[in-house]
Amino acid sequence: MNLNRLNLSHDDGNASQAPEAITGDDSPYVPEPQVSRIIRFVILAILFMVAIAGNATICIIPMRRKRMRTCTYILVTNLAVSDIGTMLCLPYIILAEWQGNEWTLGEVMCRLVNPSLTMFYLVTTNTLVAIAAHRFFVLVFPFRSKPSKTKTALVVLLTWLVAFLCVLPSFGARELSSLGTKPNGETAYACIETFPGKTAQQQEDLKNMYNIFQYVINSCLPIVIIVVLYLAIAYKLRQMSSAFGSFTTERRDSEGTISLQSTASKSRSRILLGRKSSVDNYPMRKRNELEKKFLRMLAVVVAIFVICYVPYTTFFLVISHFPAAYDWKYLLIFYHYIYLLMWFPNALNPICYGCLDEHYGKALRVWCSLQHKPRKSDFDKHLHNSIAKNSRFYRTNSRTMPPIMEQSNSQAASSQLPGEERNQTSRKKWRLLSRR
């Protein structure tokens, strides 16, 4: 989907007009200010650089950390790969828009760029569904064996295969359409979707059916599945948290009622039992907390994807079935900004991984610390200062040790005296202190 589709569908498929007629003075829409256009391109350039660098880092981290080569983190890496593929389509789309929506990259790129963009977004939604399903099975069936590398690879391959099959009609429907002759005598082309059909109405009906199919597969169905699975996961985590608390309370009560000791010893035993039960439950509680943090990160990623991507897909579904929407004069500017919003998840996802996931955050901190290693002279200076401080500390302590020992010996000797002599010595000390 791109701007050519919006303009040509408004003109009832009349592709004989020049590119200037699409975005020039004859357009029924309010033109976008030049300042707004420059700001959009600058934002897209920043998003491109952040998304490529961030997602490349997310792909490299599991390769260097063996503990992160699990099914979940491999799926997150697949999510980063799809984000990189999405951003690689951006320069071609910006180039076409900069040239007045004229396609100058040839027929092969016309068939590849926009369908590939849709395919990468389908891979993203499929991967989010796969992650949610995997976390659901891990929590609900904790004693089942973890998926092997072969099964994980098959899941990743399935996400790409399903996305490719869903976009396959778009690969075949893309073609170049002549817009007219430019002043220099060359023919201007636009890249559009043309579905098969004997009449224009049949082509339009088939295109609308395909749009509805893509909207259901790419937006509605994945979001419903993800929400249902996350609600079930949240309910299961809440049950686990309450089970830990009730187990600790029952253990304290049962052990406390069986013992026949004094009240002080009972309270002490309850404290010890509480500590022991907390130590016994520590691995489970730690795992529960890590699971909550990881699911919080995934929930943020899903929320960003829904907020930024669903308005774009809904926009084309609405204008396909409500032609009156074309009469809004600000439709073109609105389209530009929801299209800009669609690119934000690719740059925000790596930031969410680094800020909300413990393993990614730790790996990024280690990587940043390696980039800022202290020099050898600074290290030697720091080591020398620490040794000097420690030696000074031990010297001062060794000087104060004899008086402390003497005082403790005198106190031990005074404790061995009879009661009257101790009272006399204490009175003498009190008199000396009062005289001072």
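**Exercise 1. Find which residues of helix 4 meet which residues of helix 12, and describe how the two helices pack.**

Solution. Begin with the contacts, meaning heavy atoms within 4.5 Å: V76, L79, D83, T86 and M87 in helix 4 meet N346, N349 and Y353 in helix 12. The model is a predicted one, in which local features need pLDDT of at least 70 and side-chain atom pairs count only at pLDDT 80 or more, while totals for chains, interfaces and linings use all residues. Residues are numbered from 1 along each chain as its sequence is written, and side-chain values use heavy atoms, with hydrogens and water left out.

Next, place the elements, where helices (H or I, at least four residues) and strands (E, at least two) are DSSP runs numbered from the N terminus. Helix 12 covers residues 344-356, and helix 4 packs against helix 12 at an angle of about 150°, with the axes 9 Å apart. Axes here are lines fitted to C-alpha atoms, for helices over the stretch in contact, and angles run from 0 to 180 degrees between N-to-C directions. Helix 4 and helix 12 are therefore roughly antiparallel to each other, since angles under 35 degrees count as roughly parallel, over 145 as roughly antiparallel, 65 to 115 as roughly perpendicular and the rest as oblique.

**Exercise 2. Describe the packing of helix 4 and helix 6, and follow H134 within it.**

Solution. Helix 4 (residues 71-88) packs with helix 6 at an angle of about 165°, and their axes are 9 Å apart; the two helices are therefore roughly antiparallel. The residues that meet include C71, T72 and L75 from helix 4, and L128, I131 and H134 from helix 6.

Now turn to H134, which has its place in helix 6 (residues 106-140). With a relative accessibility of 14%, H134 counts as buried, where buried means under 20% relative accessible area, exposed over 50%, and partly exposed in between (1.4 Å probe, protein chains only). When neighbours within four places in sequence are left aside, H134 is in contact with C71, T72 and P147.

**Exercise 3. Work through salt bridges of the model, and state where their partners lie.**

Solution. A salt bridge is a side-chain nitrogen of Lys or Arg within 4 Å of a carboxyl oxygen of Asp or Glu, and by this rule the count comes to five.

Within helix 6, R111 and E107 stand four residues apart, about one turn of the helix, and their side chains meet in a salt bridge of 3.4 Å, N to O. R111, at 29% relative accessibility, counts as partly exposed, and E107, at 42%, also counts as partly exposed.

In helix 8 (residues 200-258), E204 and K207 are three residues apart, about one turn of the helix, and the closest N and O atoms of their salt bridge are 3.3 Å apart. Here E204 is partly exposed at 30% relative accessibility, whereas K207 is buried at 14%.

E193 and R174 form a salt bridge as well, with the closest N and O atoms 3.9 Å apart. E193 lies in strand 2 (residues 187-193) and R174 in strand 1 (residues 174-181), so the pair ties together parts that are 19 residues apart in sequence. Both E193 and R174 are buried.

**Exercise 4. Describe how strand 1 and strand 2 pair.**

Solution. Strand 1 and strand 2 pair in the antiparallel sense over seven bridges, and two strands pair if DSSP finds at least two bridges between them. L176 stands opposite C191 in strand 2. The hairpin has five residues between the strands, and in this hairpin G185 takes a positive phi near 95°.
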